[in-house]
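Here are my notes after going through the model you sent over. Have it open while you read.

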There are 2 protein chains.
Amino acid sequence: MNTPLARLAVLASLIAVTAALPLRADEGMWTLDNPPTAMLQKEYGFTPTAEWLARAQKGCVNFGGASGSFVSASGLVLTNHHVALNQLQKMSTPEKNYVRDGFFARAAAEEIKCPDQEVKVLQSYENVTDKVMAAVDAQAPLATQNAQRRAAMAKLETDESKASGLKCEVVELYHGGEYWVYRYKKYDDVRLVMAPEEQIAFFGGDPDNFSYPRHDLDMAFFRVCENSQPVHPESWFKISPEGPQDGDLVFVVGHPGRTSRLKTVAQLEYERDIERPARIAIQEHRLAAIRAYEKLGPEQERRAKDRDRGLENNLKRERAFLELLREGPLLERKRKEETALRGRVAKDPKNAASAAAWDRIAAAQKELRGRAKEWIYRDLTRGPRLVNMAENIVRYVAEIQKPNEKRFHEFRDSNLASQRLQMFTRAPQFPDLDAVVLAQQLTDARAALGAGDPWVKAALGGSEPGEVAKRILDGTKLGDVAARKALVDGGPATIAASTDPLIVWVRTLDPIYRDLRDWHEERVETVESLEGGRIARAQFALDGKTRYPDATGTLRLSPGKVAGYEQLTTHVPWKTTWAGLYDRSASFDDREPFDLPARVAAARSRIDLMEPLNFVCTSDIIGGSSGSPALSRDLAVVGLVFDGNVQAFEWEFAYDERAGRTVAVDSAAILQGLRGIYGMGGLADELEEGAQAAK
Amino acid sequence: MNTPLARLAVLASLIAVTAALPLRADEGMWTLDNPPTAMLQKEYGFTPTAEWLARAQKGCVNFGGASGSFVSASGLVLTNHHVALNQLQKMSTPEKNYVRDGFFARAAAEEIKCPDQEVKVLQSYENVTDKVMAAVDAQAPLATQNAQRRAAMAKLETDESKASGLKCEVVELYHGGEYWVYRYKKYDDVRLVMAPEEQIAFFGGDPDNFSYPRHDLDMAFFRVCENSQPVHPESWFKISPEGPQDGDLVFVVGHPGRTSRLKTVAQLEYERDIERPARIAIQEHRLAAIRAYEKLGPEQERRAKDRDRGLENNLKRERAFLELLREGPLLERKRKEETALRGRVAKDPKNAASAAAWDRIAAAQKELRGRAKEWIYRDLTRGPRLVNMAENIVRYVAEIQKPNEKRFHEFRDSNLASQRLQMFTRAPQFPDLDAVVLAQQLTDARAALGAGDPWVKAALGGSEPGEVAKRILDGTKLGDVAARKALVDGGPATIAASTDPLIVWVRTLDPIYRDLRDWHEERVETVESLEGGRIARAQFALDGKTRYPDATGTLRLSPGKVAGYEQLTTHVPWKTTWAGLYDRSASFDDREPFDLPARVAAARSRIDLMEPLNFVCTSDIIGGSSGSPALSRDLAVVGLVFDGNVQAFEWEFAYDERAGRTVAVDSAAILQGLRGIYGMGGLADELEEGAQAAK
């Protein structure tokens, strides 16, 4: 929705943004090595112990772009329905539509393995900033610095993995201010246990998405197995049968994906002017193409459902972000903050080398603007899935020929197993849908780059986008796992010899892609990282490590309190109840997207309507936090985070706790839903008792 | 609440205001002689007949600043609880608190007469513009024109009253563009039949006031009697057991009080700069004083309750109005519209005399600014009630000595009976509360006007405001009806000889008041009326009578449709349900002002929670419309109007139907409330059957 009143939501945020600059009490997605202990003690009289932090860390499950947590000693994992959606879609067929109808395993034998779900659990982490920085010669040309940095990170990952037997990743925090090695235990046998109907998980649909008061049972359960047996996690969280109370301190622990809070003004201006508007336009066109496809019939609608929903969700957020950048005091405030920090850095003799960092980042943005269209419009990721798979196959085979430290980071040794899981997924593929998406993307690329652009020329070869897309996707055999396996196992020669039209097509484009990516890594990413790191370390030198890093998908701790807020001229309550769900449905005469699944409608007389359903808290989150547990002081799950409200859109750029809120399913609602609606008493018992009943 | 997010509500409205200028489909509070028939036919395929209009007119009941309607052949009247509140307060005692506990007459004998409730029903109306205009010599000095206009109106009222035996009032419409005589049948035997607990009538209190979704049972029932028997009204409305459906055409018929839509920019600027900020400050101080008084004990709280609530309600609205005037595109748009109209008028030779009207109104505003503080700060109306009564007594006695046409309009013959009802009310008086209010008002006046101001000097006589207030209110005997009667009946000599300290005080101030009022009438009101009339008639000449007049408390017809709207990024439903009420209460842990009366809480298991409670429609209303019926095409009551939403604040200045809404109690909720909560089956039967059961 892009009405004046949607803009208003953004204005709402902007008004909040104009307020005080210091860190707010509940601000921050803190790495677990640096929790805000002083604030916690002062505001809440609570100090997390090392043991508490370790339990929080090891109970959390990384879903790769989303979050979850262990909730029983038998490897049961709680996350959101919308995190599970991708697997549910892949496991569904026209006959068994788990997305629409839900999935309910009432015994261990009924739990089914996901086609390509991988999860990982953080075991330990260590600061390796010195090691990475020591490898980079700050006087060398940028390309050299980039290679040095890449090599150092790759070597650390390999050494660490060998030493620990874990999946080790070197992550960059504070935009290059710190490097850490994160050591994960990885699992790829993940079983689906329970998911309710999408219509109750996503009740209210796109309109209520990012809204509050909210009434969603956005939950799903998986079980993590090893050797076909449930794992017994080192740490897991008990569920609270009562949920939280108003004002309670809660901790959201999860994997927020990406924020832009520490970016420089030049970076934000590039996003405002170029990147975000273009990405929004591309997604709008893609959504329109997908919706046209969905109109072809119910099976087409079923196939495209998760992509439709994902795009809709993303567009709502992206449009808000763009408006925040364009229309309010946000950039003005950022400019002031930046000027103030630059002034302080310039005055400090220790920081002399950092004073020009902002200018160097700005210069990189200028260079980026020159090739931004190529960078954006040649990017097919998140578009046609078989095409992405083919790109990955071609690149995988080429990259693994190189020494580890010379590869694109996604093909470093530490990532190869995950790549293979994705490439060899058993998930059904829909080349017809991919063709629609690819055709749209090629149309957009030609319009933006011109028919004379080398990539466009190579991609179209004089044909129309629709023809090309149809030809390569009709003709490809990559829908078949064996065909993909044969290509990867065959190696470079097999790829080179392949006549699969999709492989041929990707092969043609690959050199152009590599040129552009090298340019971007050297001229943009490296500058942003090296200079961003200088800025961060200059700030550490001035103020100590009083800030948290921008979100990067790594584990974070976000303390906050359960609290309502004010909107327009009235109060918004801290929680909603089941009565509110039935009210909202009836208030819209049960019309879609406010219709109730039959099971939920029928349960009205059975369940306690005055019990809580959802609640809000001030914990600082962003996309990727979905599925995080909201934990009490004693590490019980009191809620399941699934969204932010409209006023939290601004959290992409700046946190404010006046009206921005994290939205969670109340733990009491999880239990009542399982028992009262779905007859899943066994699962509820496992949650309350902490382990599967003996069989 | 005056938070940034409250400002946002106003911004919300402003965004809407910037849109198209032509009349919107559902815009307008139309006089019944000029309904928007073309729009109704085009948009809704409906044309009201003369008989339909007459039935609508005669079924409506004027509550003097509020609205109601006949809902049975036995004189039963439906209005809002908050319209009844004033009488409920006056009928309550420390022992019988009808405000808190409700009032339920289960038999005719239990219905009790209100102390001073007067209602009237419009019987007929007639355009007398020519007669009034003919009496005014446009070349004469302003004072003469004013006297001529006043005399013509007074004479028309007297003549008409004599001819019809009805209460006849000459009303000014379109800011002087038209004059009409309205002939009313008046009733002063009004019995209280039923009122629920204030807490369910005003559930959500000040926060939810002007909010939606809403959950209020803001209803009350009276019975109009004559000769101690229920009247049998010429027209009355049946109640619809089902209420309306989404999208239904509805007609709100009632008495909207005052809007500023046709005011000139100069008038609005005066309001923005002077009048509204000062009135807000005065009311804020008064509210603070009353709240301090309420803290003295439960009985004090009970006594002041209706004043507290009235002020709170008014301040919320007034602050929004001021922000609309100050901070948005509203005045900019008004300026453009005015410039366009002036241009058209100036080009039309027939309208030459009107071209300078705007300048003359602006000049009057300038003059008004010079004495605005006196005009505002010497005004004690709506403040201490005994003081207002004393002022009325002193003026009444003086005015009725004069010929009818020379009196202040409120003391014309046609208004004397109402004046006597108010002066001789049996309602309990609270001099201690009045003293608190008066002291505050004198403090404000001294601060604004200075201790040397003649009125301040006369009012204080060298003492402090608190001393003066205490002295005259402790000492007065006017709390006693007999004392007031004796003064009025005694006439000028008795007033002159009175040693009652309150009468002495008012007597002292009266000449100063009269000077100021004469000045205001001649230099401001007369100009606004004469020149405003020229503007209106110039517009009629250009466009025909395509506009409705600003609200003036006279009967209006507001067609609209039942419809939800969008807020922030989601949908707001067209109705709420009883489940929503219980949800909202539970969502705030039943904390005040979201607590439920015991009867309502206990009824949850008995009533149908999915039935509607409140709904919204696009009908155009303003303060004074409270208690209006929302009627279906066939004149059944489908709802009871009790509020507008936050987005309708802007309707003071301009109508917009995108998010502004009228809020009503669903007629189905009225019946379910009576039967399911209060055991008032007899009353519900009377509503459904249209008459009291035979006894």
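1. Ground rules. This is a predicted model: local features need pLDDT of at least 70, side-chain atom pairs count only at pLDDT 80 or more, and totals for chains, interfaces and linings use all residues. Residues are numbered from 1 along each chain as its sequence is written, chains are lettered from A and ligands numbered from 1 in the order in which they are written, and side-chain values use heavy atoms, with hydrogens and water left out.

2. Helix 23 of chain A. Start with residues 667-677, where 10 of the 11 residues are buried, so this helix is largely enclosed by the rest of the structure. (Buried means under 20% relative accessible area, exposed over 50%, and partly exposed in between, with a 1.4 Å probe and protein chains only. Helices are DSSP runs of H or I with at least four residues, strands are runs of E with at least two, and both are numbered from the N terminus.) Among the buried ones are A:Ile670, A:Leu671, A:Gln672 and A:Leu674. At the start of the helix, a side-chain oxygen of A:Asp666 comes to within 2.8 Å of the backbone nitrogen of A:Ala668. Just after the helix, A:Gly679 has a positive phi of about 60°.

3. Helix 21 of chain B. Here 10 of the 10 residues (578-587) are buried, so this helix too is largely enclosed by the rest of the structure. Have a look at the side chains: the buried set includes B:Asp583 and B:Arg584 as well as B:Trp578 and B:Leu581. At the start, a side-chain oxygen of B:Thr577 reaches to within 3.2 Å of the backbone nitrogen of B:Ala579. After the helix comes B:Asp589, with a positive phi near 55°.

4. A helix pair in chain A. How do helix 13 (residues 357-377) and helix 16 (residues 431-449) of chain A cross? Their axes come within 10 Å and cross at roughly 170°, which makes helix 13 roughly antiparallel to helix 16. (Axes are lines fitted to C-alpha atoms, for helices over the stretch in contact, and angles run from 0 to 180 degrees between N-to-C directions. Under 35 degrees counts as roughly parallel, over 145 as roughly antiparallel, 65 to 115 as roughly perpendicular and the rest as oblique.) On the helix 13 side, A:Lys373, A:Glu374 and A:Tyr377 meet A:Asp444, A:Ala445, A:Ala448 and A:Leu449 of helix 16; contact means heavy atoms within 4.5 Å. These residues divide into 4 nonpolar, no polar and 3 charged. (Ala, Val, Leu, Ile, Met, Phe, Trp, Tyr, Cys and Pro count as nonpolar, Asp, Glu, Lys and Arg as charged, and the others, Gly among them, as polar.)

5. The cores. Which residues touch the most other members of the largest nonpolar core? Of its 140 residues, A:Phe221 and B:Phe221 do. (A nonpolar core is a set of buried Ala, Val, Leu, Ile, Met, Phe, Trp, Tyr and Cys residues joined through side-chain atoms within 4.5 Å.) Leaving aside neighbours within four places in sequence, the contacts of A:Phe221 include A:Val71, A:Leu192, A:Ile670 and A:Leu674. A second, separate core of 48 residues includes A:Val394, A:Met423, A:Val468 and A:Leu473.

6. A buried glutamine. A:Gln429 is in the loop between helix 15 (413-423) and helix 16 of chain A. Its relative accessible area is 16%, so A:Gln429 counts as buried. The side chain of A:Gln429 reaches the backbone oxygen of A:Ala427 at 3.2 Å, a polar contact (a pair of N or O atoms within 3.5 Å; within protein, one must be able to donate a hydrogen and the other to accept it, and residues adjacent in sequence count only if both atoms are side-chain atoms).

7. Most residues other than glycine have a negative phi, and most peptide bonds are trans. Against that, the bond from A:Tyr212 to A:Pro213 is cis, with omega near 0°, and a cis bond also joins B:Tyr212 and B:Pro213. B:Arg382, not a glycine, has a positive phi of about 65° and is exposed at 74% relative accessible area. B:Leu568 has a positive phi of about 50°, but is buried at 6%.
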